[in-house]
Amino acid sequence: NGNVPIIIKKSINYLSQTQQQNSCPNQTCFKGEWPSYMNMNSNFVYLGKRNKSYYDSNCFTTATILNSLLDTYLTDSSLNSLLPLIESGIDNLSNYRLGDGYGFWPQLPPNRDLYKNDTTHNWVRRPNNFPLKSRFVNKAANVTNDADDTALATLAINRWNKLNGIDIALPVNIF
């Protein structure tokens, strides 16, 4: 569309170029997400040394960008170039869903046992690239669904459904 301001065109181009087009080996990134990084600005006991940066897959970044894209598309439906970005991002949110809610990090195989003599090896929520070494930090990172990620992801999915003519009622109790 010739009436779209250049800043919008450049923004869409940037988001298109930075969105993951495929999942990476060993679950180090997931198709449909946008890059986010965890940075160590100072040494921190149990977490590591400063001046390190780690790619971080998380629901919050993808859901926030999705909601902005959906707002933009719902305001101007001539921006068809947003639809593949939105669809891929919506698909990505399934990595963070557990039951009726969403968590910050994806569910992945544990880095290590969470308890002595633990042989269950259940999947846990954790960063996919940040090296969690101690049992304590691995347990602390394994957080449950949370309100902000659930709200952002649910809002994005409901907007996507509305855009596609699907009316789905929200669960009354999501936690």
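1. Helices α2 and α3. The axes of α2 and α3 come within 10 Å and cross at roughly 145°. An axis here is a line fitted to C-alpha atoms, for helices over the stretch in contact, and angles run from 0 to 180 degrees between N-to-C directions. The crossing in which α2 passes α3 is left-handed, a term for the case where the near helix is turned anticlockwise from the far one by less than a right angle (right-handed if clockwise).

2. Basis of the note. This is a predicted model, in which local features need pLDDT of at least 70 and side-chain atom pairs count only at pLDDT 80 or more, while totals for chains, interfaces and linings use all residues. Residues are numbered from 1 along each chain as its sequence is written, and side-chain values use heavy atoms, with hydrogens and water left out.

3. Residues between α2 and α3. On the α2 side, Thr62, Leu66, Leu69, Leu70, Thr72 and Tyr73 take part; they meet Leu82, Leu83, Leu85, Ile86, Gly89, Ile90 and Asn92 of α3. Contact means heavy atoms within 4.5 Å. By class, this contact of α2 with α3 has nine nonpolar, four polar and no charged residues. Ala, Val, Leu, Ile, Met, Phe, Trp, Tyr, Cys and Pro count as nonpolar, Asp, Glu, Lys and Arg as charged, and the others, Gly among them, as polar.

4. Helices α3 and α5. Helix α3 (residues 82-92) also has an axis that comes within 11 Å of the axis of α5 (residues 147-163), and the two cross at roughly 130°. The pair is therefore oblique; angles under 35 degrees count as roughly parallel, over 145 as roughly antiparallel, 65 to 115 as roughly perpendicular and the rest as oblique. The crossing of α3 with α5 is left-handed.

5. Residues between α3 and α5. From α3, Leu83, Ile86, Glu87 and Ile90 meet Ala156, Ile157, Trp160 and Leu163 of α5. The residues of this contact divide into seven nonpolar, no polar and one charged.

6. Leu79. This residue lies in the loop between α2 (59-75) and α3. Leu79 is buried, with a relative accessible area of 8%. Buried means under 20% relative accessible area, exposed over 50%, and partly exposed in between (1.4 Å probe, protein chains only). Not counting residues up to four places away in sequence, Leu79 touches Val4, Ile8, Ile12, Thr72 and Tyr73. The C-alpha atoms of Leu79 and Lys9 are separated by 9.4 Å, although the two residues are 70 apart along the chain.

7. Asn26 and Gln27. Most residues other than glycine have a negative phi. Asn26 has a positive phi, near 60°, and Gln27 has one of about 55°. Asn26 is found in the loop between α1 (6-18) and β1 (37-40), and Gln27 is also found in the loop between α1 and β1. Asn26 is exposed, with a relative accessible area of 72%, whereas Gln27 is partly exposed at 28%.

8. The chain as a whole. The protein chain has five helices and six strands, in the order α-β-β-α-α-β-β-β-β-α-α from the N terminus on. Helices (H or I, at least four residues) and strands (E, at least two) are DSSP runs, numbered from the N terminus. Of the 175 residues, 39% are buried. Among contacts with a separation of 6 or more, 56% join residues 24 or more positions apart. The accessible surface comes to about 10,400 Å², and 54% of it belongs to carbon and sulfur atoms; such areas come from the Shrake-Rupley method with a 1.4 Å probe, and for residues only the protein chains shown count as cover.
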